[in-house]
Structure formats: structure tokens, C-alpha cells
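Student: I'd like to learn how to read a structure like this one. Could you walk me through some features, one by one?

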Amino acid sequence: VIDFLGFLERQGHPRVDVCRAAGIDLAIVEQSNARVPAAFMERLWPLAVQLTGDSDVGLHAAESYNPGALSIVGYVVLSCRTAAEALDRLARYAPLLNDGLQVELVERAGSTTCRFGAVDGLDSFLHRDARQVMETLAAGIVVTLRRLATAPLDPIEVTFRHRAPASLGEHARVLGPAVRFEHSQ
């Protein structure tokens, strides 16, 4: 939350104003090592789209995110020696970031598929409106792995269950050319 508020502030939207508009107590967010409810982000996503006028705000926030904002999980991912190890750690510790988030890794024929989803049975906004969250997660992983890689890195394919937005240029720029939408798995 604090990293996302910082992103919005860099876009000209002071965090105090954003929190007020979203009904979020900034003092809670700024507490050291605070665990904030996922509902805070649920309120921030549509507000961020409205304030910035950017329907791809999740992609753009991920480009500048600080892995350290993920607390210990971010530092564990950054300490990994390989992309596979980083994805494995993310999958293992994802519930620390959001107890409604599920990360699954599937290894096949020399490639790794990383799937993000919502935990079944939990009332999570990931079930209601996941576009910004899932695009942010995908872009965050791609951006982080590119930062860690010693050679150019592009995913083989990035798929989303949600409908394609009107323009795909930013998706191709941030995630690579093989982005697909309305994918069933």
C-alpha cells in the first residue's frame, strides 16, 4: 500500500488526499511493519484509475515498485540466485503478502509457469475485479526478474483471464509481445 501511495504521489496525488478519498487511515498505513487489510487496496485501485486517468495504472505502478516494499518477502526474492528460485520463494511466501493470493509454479520441459489466482472460499476482491492486481503482479515479476537477470529476459507468454483492454501497447511494452487475454487457465 505504501509503495502504491508513493507511486500515486509521484503522479501528483498526495497520499494524504488519496487516503482521505479512499477512506483509509494514513496513520495505520505508515506504521512500521503494519499489516494492512486487503480492502485498502480494493479501495485504492478504482480511485487510482480515476485520479490518474490511466486504465493501465497497475502496469505503470509495477514498473517503479520497490521490492523492499514487500518487506521480508521482497528481500527474500531479491536474494535468490536464479529466476526459478525467486519464483519459488514468491510462491511459498505469497500468503504473507495477501492471504487471498495464491501463487502456483508448474515446471515443464525446461520452463516454469507462474500462476496467480485468488484462494477459493475467501471473500476477496481478487474474485470480483482482479485486472489491476493481476496485471501488477505479472508486471512486478517481469520487472523484478529483468532487474536480476544478467541477460535480456522476456516471458514466453503472459496470459490473463480478464478481457483485453482497448489498447494493448503498454502491455506489450511492459510484459513483452506474447500477452493474451480471456485465457481459461
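Student: Which residues form one aromatic cluster here?

Tutor: Rings of Phe, Tyr and Trp (its six-membered ring) pair if their centres lie within 6.5 Å; planes under 30 degrees apart count as stacked, over 60 as edge-to-face and the rest as tilted. In this structure Phe4, Phe7 and Trp45 make up one such cluster. Keep in mind that this is a predicted model, where local features need pLDDT of at least 70, side-chain atom pairs count only at pLDDT 80 or more, and totals for chains, interfaces and linings use all residues. Residues are numbered from 1 along each chain as its sequence is written, and side-chain values use heavy atoms, with hydrogens and water left out.

Student: How many aromatic pairs are there by that rule?

Tutor: The count is three. Take Phe4 and Trp45: their ring centres are 4.6 Å apart with the planes at 50°, so this pair is tilted. Phe4 sits in helix H1 and Trp45 in helix H4, so the pair ties together parts 41 residues apart in sequence. Helices (H or I, at least four residues) and strands (E, at least two) are DSSP runs, numbered from the N terminus.

Student: Are Phe4 and Trp45 buried or exposed?

Tutor: Buried means under 20% relative accessible area, exposed over 50%, partly exposed in between (1.4 Å probe, protein chains only). Phe4 and Trp45 are both buried. Another aromatic pair, Phe160 with Phe181, is stacked, at 5.4 Å centre to centre and 25° between the planes. Phe160 is buried too, with a relative accessible area of 5%, and Phe181 counts as buried at 15%.

Student: Back to H1, then. What do its buried residues pack against?

Tutor: Contact means heavy atoms within 4.5 Å. The buried residues of H1 (residues 2-10) are Asp3, Phe4, Leu5, Gly6, Phe7 and Leu8, and they pack against helices H2 (15-22), H3 (26-29), H4 (38-52) and H5 (57-64). On the H2 side, Ile2, Leu5, Gly6, Leu8 and Glu9 of H1 meet Arg15, Val18 and Cys19 of H2.

Student: And the strands? In which sense do S1 and S2 pair?

Tutor: Two strands pair if DSSP finds at least two bridges between them. S1 (residues 101-108) and S2 (residues 111-118) pair in the antiparallel sense, over eight bridges. For example, Val106 has Thr113 in S2 as its bridge partner. The two strands form a hairpin with two residues between them, and Ala109 in the turn has a positive phi of about 45°.
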